[in-house]
Amino acid sequence: MSCASPRLILLLCLGGFSLSLVPAGQVQQWRGLVRDALLPGERVVQWGGDQLATAMHLSPNSGKEEGANDQAASRLEEARRRIRELEARLAALQDADSNPSFPTALPPRGETSSPLFVAELLEARVLGEELRGLWRNRKILGAGATSGIVESALVLAGDAPLVDQGQESRITAGDAVYAGRCVVGKITDVGRYSSVLQVVTDAGYSGRARLARRGAQGLSFGDEGTLVGSGEELCRLKHIRQPVNVGDEVYTGAADGILPEPMYYGTVVRAELEEGETEWLIEVRPAARLRQLDRVQILRLSLNAGRVLAD
Amino acid sequence: MLFQICLTYVAFVLQSSLVPRLGWGAAAPHLVLAGLVWMVWRSEARQGGIGAAVWGLLADALSGGPVGGGVVVFVLTAWGLQEVRARWRRMTWYQPGVLTGVVVLCVPVAINLLRLASQSEPVEVSKLIIQEVPAVISTALLAILACGMFQALRRRGGEGGGDFTGGVSSRWMDSTG
């Protein structure tokens, strides 16, 4: 058989080089498509492997399996305990907020429709500066690229904070990140094993936000605007026309059908209305300080399997 | 064409699902590159080149690194394999292993060199080569084993011949002596 013509080879190579100019977002979509396409085959292989192991009663690592099972059981128990804690905190917050305009978290009994989207909080660790540096310099990658242990170049570039969850945890760019009830920021780039965290003070961060004031009747919500980061220590709250006081609180925007409670951004530390302007100049000090955090929660949205399968 | 499509899917599924389960770490065989050698060897020139480009794209998509470098390296590898095929009329039992071993050594090193160079990072070629050696050995042995089994099946089937000629037709063999 002959060889391919040099022209074809050159064309294919140029095509390959030009692929490096494709935007990262498109590349991520393409990666997702490829992984989804391989999923049925991977499931078949996994099923076959499990059947083979069962049939041959092969368990060379039986001791390790028992240890792994014990670890899994303890992690499950810890997760259940954490869920109970969060439920208790949620109930306490609901009691504290007596604002009648705010919907209650728990659905009324006898509700017949289930939600389309299910929100889950995934706990993640914030990589410390030293660990981040080692990870980015690929000093922890071990076996190397041939074993598929390669982190996304987007995640490894730059010096933004990283969390230790990635594609395998089904998080996506744009997922909100919290520390308890405080907003930390959002995920911007998702790698295979880690993801980039954009904090609320970073230039480029923006999110819907609204003012709130504590009074004798409890928390009352006011005007809604946009909270933006500027790379400074304080954030700016824009598009607010109603009177604002220093000390007012800033929460996430109106209910979006996902979370039953608004999440807390921070406190207004500067509020000025300049002459001739209709919008207030508001600066907000964020409540969550990344330096003080080693764990955060990522809000992961997924389709309600019951709704999807019912269709 | 159906053969290429099936081989593509099987190779990438096995690489992404079976190989990690083996638990061989750095010595895990590189089934995609072994499959690439086989695919290019059995395909027509143009088909082999385009197939290599598609495989390179898929490999880049699964690696998590920048896209494009794999395409270039896979295409050039296919071209090299086709050149070797044009010069080798018959293959002995160990030559598939040698060929596969060379490909498994060169392709990941070349891809990593491209990535590191594009990110202006220091390149240590010797380290890149050394970390591929276990996979080279395991994949080469696997290729020799697979070729041996293939030849044994062919002999049993009465097709004759003791060489690995892949998809080369007997008419071509006759005309070239």
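Visitor: Which is the crossing of α2(B) and α5(B), left-handed or right-handed?

Guide: The crossing of α2(B) and α5(B) is right-handed, a crossing being right-handed if the near helix is turned clockwise from the far one by less than a right angle, and left-handed if anticlockwise. The model is predicted, with local features needing pLDDT of at least 70 and side-chain atom pairs 80 or more, while totals for chains, interfaces and linings use all residues. Residues are numbered from 1 along each chain, chains are lettered from A and ligands numbered from 1 as written, and side-chain values use heavy atoms, without hydrogens or water.

Visitor: Why are α2(B) and α5(B) called oblique to each other?

Guide: The axes (lines fitted to C-alpha atoms over the stretch in contact, with angles from 0 to 180 degrees between N-to-C directions) of α2 (residues 31-42) and α5 (residues 95-118) of chain B cross at roughly 120 degrees and come within 9 Å. Angles under 35 degrees count as roughly parallel, over 145 as roughly antiparallel and 65 to 115 as roughly perpendicular, the rest being oblique; α2(B) and α5(B) are therefore oblique.

Visitor: Which residues of α2(B) meet α5(B)?

Guide: Leu33(B), Ala34(B), Val37(B) and Trp41(B) meet residues of α5(B), including Leu99(B) and Pro108(B), where contact means heavy atoms within 4.5 Å.

Visitor: What makes Gln165(A) buried?

Guide: Gln165(A) has a relative accessible area of 15%, and buried means under 20%, exposed over 50% and partly exposed in between (1.4 Å probe, protein chains only); Gln165(A) is therefore buried. Its contacts beyond four places in sequence include Leu122(A), Tyr193(A) and Ile298(A).

Visitor: What share of the 311 residues in chain A is buried?

Guide: Buried residues make up 34% of chain A.

Note on methods:
Helices (H or I, at least four residues) and strands (E, at least two) are DSSP runs, numbered from the N terminus.
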